[in-house]
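Below are some notes on the fold, moving from the whole chain to one strand and its neighbours. Please read them beside the model.

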Amino acid sequence: GKKGDKSRGALVVLEGLDRSGKSSQSRRLVSYLEGLGISAELWRFPDRNTSVGQTISSYLSNKSQLDDHTIHLLFSANRWEKRSSMEDKLKAGTTLIVDRYSYSGVAFSSAKGLNIEWCKAPEIGLLAPDLVFYLDLPPEKAAERGGYGGERYEHLDFQRKVAEKYHLLRDDSWKIIDACLPIEDVQKQLRDLALDCITTCQSGKPISQLWL
Ligand code: 2DT
Ligand code: MG
């Protein structure tokens, strides 16, 4: 860019079933990047800190019931309310490592039977990730890892349906990572691919929007 322009950060998303290792890999990746002197932040969706996020959290912990369409739109609204701060961060040169994003939104809601195109519609215009890591783990293996909490969706039969829906959402930004591999091997792949992506973004790749 012009002299004085700051090169932008990368938008890197981690997706996968519950217990696939997204949260710990996201944390590790952020510390690694920070250790290299790269400005990076860990984000996650749903962001349970906003008022929309608190409504979502109450739904997930089965403290409240909501119509499937309604909760779908709230998850999307929770991303929309963060869109401009995400864009500001990226433009200021910070790389965002995001634990779940629109793909979770569409995979989980369509696994309940909602129309997949309907599910994608409210995501149109959100920032498109530069890179999506799909931590690929068979649902049975994920269940064996244990630690499903008591939240809604944390059941093997439902996770199987979610896995099928995720497969329909793969696009060019996706890297499928074998999450059965040891944690350090997964970590190494994420590090290398993330660094490549950060370099591409620094050298002027424009920020694009989802599903247009
Ligand atoms: P965590 O366990 O990662 O906190 O996720 N979900 C998530 C949706 O149904 N739609 C969405 O848009 C997002 C981001 C996945 C909580 C659960 O919420 C689901 C698991
Ligand atoms: Mg969970």
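Predicted model: local features only at pLDDT ≥ 70, side-chain atom pairs only at ≥ 80, totals over all residues.

1. A residue is called buried here if 20 or more other C-beta atoms lie within 10 Å of its own.

2. Strand 1, residues 11-16, is mostly covered, with 6 of its 6 residues buried.

3. The protein chain holds 8 helices and 5 strands. Their order along the sequence is β-α-β-α-α-β-α-α-β-α-α-β-α. The radius of gyration is 17 Å, close to the 17 Å from the globule rule for 212 residues, so the chain is as compact as a globular protein of that length. The C-alpha trace spans about 55 × 35 × 30 Å along its principal axes.

4. Contacts in the protein chain were counted between residues at least 6 apart in sequence; 82% of these join residues at least 24 apart.

5. Which residues of strand 1 point one way, and which the other? L11, V13 and E15 point one way, while V12, L14 and G16 point the other way. All of them are buried, E15 included. In a regular strand, side chains alternate between the two faces of the sheet.

6. Strand 1 is paired with strand 3 and with strand 4. Strand 3, residues 95-99, runs parallel to strand 1 and is joined to it by 4 bridges; V13 stands opposite V98 there. Strand 4, residues 131-136, also pairs with strand 1 in the parallel sense, over 5 bridges. On that side, F133 is the bridge partner of L14.

Definitions and conventions:
Residues numbered from 1 in each chain as written. Chains lettered and ligands numbered in written order. Helix = DSSP H or I, 4+ residues; strand = E, 2+ residues; numbered from the N terminus. Rg over C-alpha atoms; globule rule 2.2 N^0.38 Å. Contact = placed C-beta atoms within 7 Å. Buried ≥ 20, exposed ≤ 12 C-beta atoms within 10 Å, placed from the backbone. Pairing = 2+ DSSP bridges.
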